[in-house]
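Me: I would like a close look at one part of this model, taken slowly and with the cut-offs spelled out. Please begin with the chain fold and then move to the part where the two chains meet.

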Amino acid sequence: MTDKVQSPFPPELKPDMEAVLHFYATSPHHRAIGLKSVSADAEKAVMKIAYDARFVGNPDTGALHGGIVTTLLDSTGALAVLARVPAGTAVATLDLRIDYLRPALPKLDLIGSSHCFRITPNIAFSRGTAYEDGNPDDPVASFVATYMLKPVGIGMDTGGKQP
Amino acid sequence: MSLADDIAKLRAEERLTEVIDLIPYARFTGFQAYWEDGQLLARLPYRDDHIGNYTANIFHGGLIGALMEHTAFMHLLHHVERNRLPKIVNISANYLRPVAPTDVIASGAIVRQGARVANVRVRAWQKGWDDPVATADVHFLLPKPRTTSE
């Protein structure tokens, strides 16, 4: 997972990770579910969500709902992209594919880890895994996603219109 | 009673829309289910804390994926009677439009159901069915069918 990524952007246009991490920390849905950034650089983005009984998908087993895994990985994949694009670039998910490899063990915090392995002027590609904290070699899910890039500031100005 | 038993009971009593009450995450997000013109629909009512990106004021994409996964699961429970629950294998979601801060509705359709695996296609919309905001393909592993000896 250490692909060499050639950026289409001029080297002087660097990411503003302080702004990105602030944006992530203040996202209403991130706050609602306690989804937190752990680290983010050009190689890897890591996020964490604490186990919470409200997020359970199967009350018999206590396993988390796939929707929580989707949210964790969607955000983590976008964070890996944001760590490689010029400050102010907006990122929107175009598609994502998640394979559920096994149920997440109950009571354990979940980590999302992602790497952005290709960037073009319009599209960026990320892939990664979700796993219980401390257990990165036996992931519960793997994912790959593509993101649209838009140089208009964090966020998108399209509100309901076609990107 | 297991979740499978509880769901089987709801199914038998034609109260499958109440399956949301059995799933903590579905309750947490506020998913709803209802029948319209003979079709089982799911709804994600807008809530301020569903916003992922406050600059653009749009839903978090993960929630839309969650809604579509739940819609596929519920659709399968209605159409395929088994005594255990289907297990999700994977989901492939397409985000077609920014999802504006109003309710999102979703419906599912079984594309192919084999002996062991089912493929369910889901469409999510806001203004109307013909203007989708997202679609998904979801694969489920199906438990063995009921046998006459059971």
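What percentage of the contacts in chain B with a separation of 6 or more comes from residues 24 or more positions apart? And where in the sheet does strand E5 of chain A stand?

Reply: The model is predicted, so local features need a pLDDT of at least 70 and side-chain atom pairs count only at pLDDT 80 or more, while totals for chains, interfaces and linings use all residues. Residues are numbered from 1 along each chain as its sequence is written, and chains are lettered from A and ligands numbered from 1 in the order in which they are written.

In chain B, 59% of the contacts with a separation of 6 or more join residues 24 or more positions apart, a contact being two residues whose C-beta atoms, placed from the backbone, lie within 7 Å. Chain B holds 3 helices and 8 strands, where helices (H or I, at least four residues) and strands (E, at least two) are DSSP runs numbered from the N terminus, and along the sequence they follow the pattern α-α-β-β-β-β-α-β-β-β-β. Its radius of gyration, taken over C-alpha atoms, is 16 Å, close to the 15 Å that the globule rule gives for 150 residues, so chain B is as compact as a globular protein of that length; the rule is 2.2 Å times the number of residues to the power 0.38. Of these 150 residues, 39% are buried, meaning that 20 or more other C-beta atoms lie within 10 Å of the residue's own, whereas 12 or fewer make it exposed and values in between partly exposed, with C-beta atoms placed from the backbone.

As for E5(A), this strand stands between E8(A) and E5(B) in an open, antiparallel sheet of 12 strands, ordered E1(A)-E2(A)-E6(A)-E7(A)-E8(A)-E5(A)-E5(B)-E8(B)-E7(B)-E6(B)-E2(B)-E1(B). Strand E1 (35-40) of chain A and strand E1 (32-36) of chain B each have a single partner strand, so one side of each is left without a neighbour in the sheet. Neighbouring strands are turned by 25° against each other on average, direction ignored, with axes fitted to C-alpha atoms, for helices over the stretch in contact, and angles running from 0 to 180 degrees between N-to-C directions.

Towards its own chain, E5(A) (residues 90-100) is joined by 10 bridges to E8(A) (residues 141-150), the two running antiparallel; strands count as paired if DSSP finds at least two bridges between them. Val91(A) stands opposite Leu149(A) there, and Ala92(A) has Met148(A) as its bridge partner. Towards chain B, E5(A) pairs with E5(B) in the antiparallel sense over 5 bridges, in which Ile98(A) is partnered by Ile91(B) and Asp99(A) by Asn90(B). E5(A) is mostly covered, as 8 of its 11 residues are buried. Helix H3 (residues 66-82) of chain A lies across several strands, among them E5(A) and E5(B), and runs at about 40° to E6(A).

The contact between the chains takes 39 residues from chain A and 36 residues from chain B. On the chain B side, helix H2 (24-29), strand E3 (51-53), helix H3 (61-79) and E5 each supply at least two residues, and E5(B) gives the most, with 8 residues. That side divides into 18 nonpolar, 14 polar and 4 charged residues, where Ala, Val, Leu, Ile, Met, Phe, Trp, Tyr, Cys and Pro count as nonpolar, Asp, Glu, Lys and Arg as charged, and the others, Gly among them, as polar.
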